[in-house]
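This briefing concerns helix packing and sheet architecture. Please consult the sequence and the structure shown here.

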Amino acid sequence: MNRGRLGSWIIILLGVMYFFVPLLSTFEFSLRYLRGVYSFEAYRIVLADPRFGATVTYSALLAFATILVGIFLVVPTAYWVQLRLPGLRPVVEFITLLPLVIPAIVLVFGYLRIYNSSSILPLTGAERTTDLLLIFSYVTLALPYMYRAVDNGLRAIDVRTLTEAAQSLGAGWPTILLGVILPNVRVAVLSGAFLTFAIVIGEFTMASLLNRPAFGPYLQNIGANRAYEPAALAIISFAITWACMGLIQVFGRGAQGPAAGAH
Amino acid sequence: MTFLEIENLQKRFAHTTAVEHVQLEVSRGEFVSFLGPSGCGKTTTLRIIAGFESPSSGAIRLDGVDITHRPPNRRNVGMVFQSYALFPNMTVAENVGFGLKVAKKPAAVIRHTVEEMLNLIKLPTLGSRYPYQLSGGQQQRVALARALAIQPQVLLLDEPLSALDAKIRVSLRNEIRSIQRELGITTIYVTHDQEEALSLSDRIVVMSEGRVEQIGTPFEIYNFPRTSFVASFVGTLNILRGQVADPARGKILVDGQEVMASRGLEHARVGDGCSIALRPEVVSIGEAAEDGNRMQGTVEDVNFLGSIVRIRIRFKDNAISLDTFNNPRLSLPQRGQALTVSFPREAVLALEAPSST
């Protein structure tokens, strides 16, 4: 093995250790619930807790709603920017990056000021409307990932020519968007969707300050009061996120060959 | 009778005029090619006909109906793109049937038409394949079938063979022409390849810098180019510069040697500069017939091109290339050798505008 390759392997090893040592330590700690033996007792307790199921279900439902709203908002926007308004791309990219710059706590305080129960649009006045506000805030949080994923997908196909081909065959905008463009950026949309799912499942700030029973605040609550269960929850949370990443890989591999329009 | 009418079409972008006063009448079933270099406005004109661009002024009429401002999906115009533009998520059959599905035709009709179209393009067994499983030539045939399946009033082809290799290009070119003849569909074809335009078209529209330079049959365009641009763009051409010696008789002096043009030079005066054009294939080595032109020069270069040998002869400021068929018994002249060449008067084309080449 020459010196260059050895150096690469050392860097990879260091990277792997950086990510996996804390994870393995957390996993090892989560197995120590019973004194003197390794067991999955902490996992059993966590999974038996009705609040676990309730909060995971709540967060999963909100994640699906966030994904739907996100797709509805991002796909037509990214498509239109690519097709007709390429000059606006920097502006749209800047807007979509804002949630990475503005802390979630600032966003949620802004929401609380604008949508409190004595405002014109009192979304925080009822549980269902607060859920709605939470979905919209999650859409904002996931915007950088969803937009980038969809935009990359659109750049990989010849959007303009495919659109014109469909138009010349008599298709209107809904058919073009749903029948031609969306299926061809399916993998990109799914990538954005799974990233959104991973973000929403673990999100704490928004849900906590809007006082909704999401998985993030439950995780924090358990962490503050118990010893081994938070470690088990962290591992479960990682497993959910990794499952999402795995699904991206599976769907990515299942994608058909290169886009004809991009030849 | 005019089927497609392009009336005084103009298209301006911010600071440039892409199409300027384009006027064309196309008969039903006619095959018309727009020929010109990149940026000459041919594709923009085609895109205006398709409805993808709206003209700054002018009108497009199809079968007597003004379609200038009609959206592209309501024009009933089929389009074939250079990049094929097949929908990657659909099979060949789904691609071909897409337009019919959009038009909400019954499933049986769609199935039957798709079968018919796949037979027409000689790919009857590939209906279940995806575009990425086909070669470039096959993809372009499918694109053609997809455009024809909706039974468009006009078929538009935007450099459809440019992305293919030379052999496939020739075979698909012949196929396009035979399908067009079989269906009798009015066709507008955009290309920068003169050979394609000459071999396919009923008429050719030669464009340069947004303007129409000449409209005519391939025979007219090749043999009687009206401007120096057409003469130089279509085919290989020798352009010689000289001075008018006798305008009435069409006599010109090229590097001090007399050349007689096919006709008198209208509006020219003695001593005026002028340009004449000669195709390489009309020039031959040796003495001319009695009324033919004869010039003497020196062999500058001899290029062996397979079936043809191209010999370049320099006079003084001007040079000329001549083509002669290859023959194993041919004795080729040597570089630097003095040589007499001849060409008939009828082959000398006096050009309208002074040549810039």
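Two strands pair if DSSP finds at least two bridges between them; helices (H or I, at least four residues) and strands (E, at least two) are DSSP runs numbered from the N terminus. The model is predicted: local features need pLDDT of at least 70, side-chain atom pairs count only at pLDDT 80 or more, and totals for chains, interfaces and linings use all residues. Residues are numbered from 1 along each chain as its sequence is written, chains are lettered from A and ligands numbered from 1 in the order in which they are written, and side-chain values use heavy atoms, without hydrogens and water.

**Sheet of chain B**

- An open sheet of 6 strands runs in the order S6-S7-S8-S3-S9-S10 in chain B, with mixed pairing.
- Its edge strands, each pairing on one side only, are S6 (77-80) and S10 (211-216) of chain B.
- Strand S3 (residues 31-35) and strand S9 (residues 203-208) of chain B pair in the parallel sense over 4 bridges; B:Ser33 has B:Ile204 in S9(B) as its bridge partner.

**Helix packing in chain B**

- The axes (lines fitted to C-alpha atoms, for helices over the stretch in contact; angles run from 0 to 180 degrees between N-to-C directions) of H4 (residues 136-149) and H5 (residues 166-183) of chain B come within 11 Å and cross at roughly 15°.
- That angle makes H4(B) roughly parallel to H5(B), a term for angles under 35 degrees.

**Helix packing in chain A**

- The axes of helix H3 (residues 50-83) and helix H11 (residues 215-225) of chain A come within 8 Å and cross at roughly 145°.
- Contact (heavy atoms within 4.5 Å) involves residues including A:Phe52 of H3(A) and A:Tyr218 of H11(A).

Technical notes. Angles under 35 degrees count as roughly parallel, over 145 as roughly antiparallel, 65 to 115 as roughly perpendicular and the rest as oblique.
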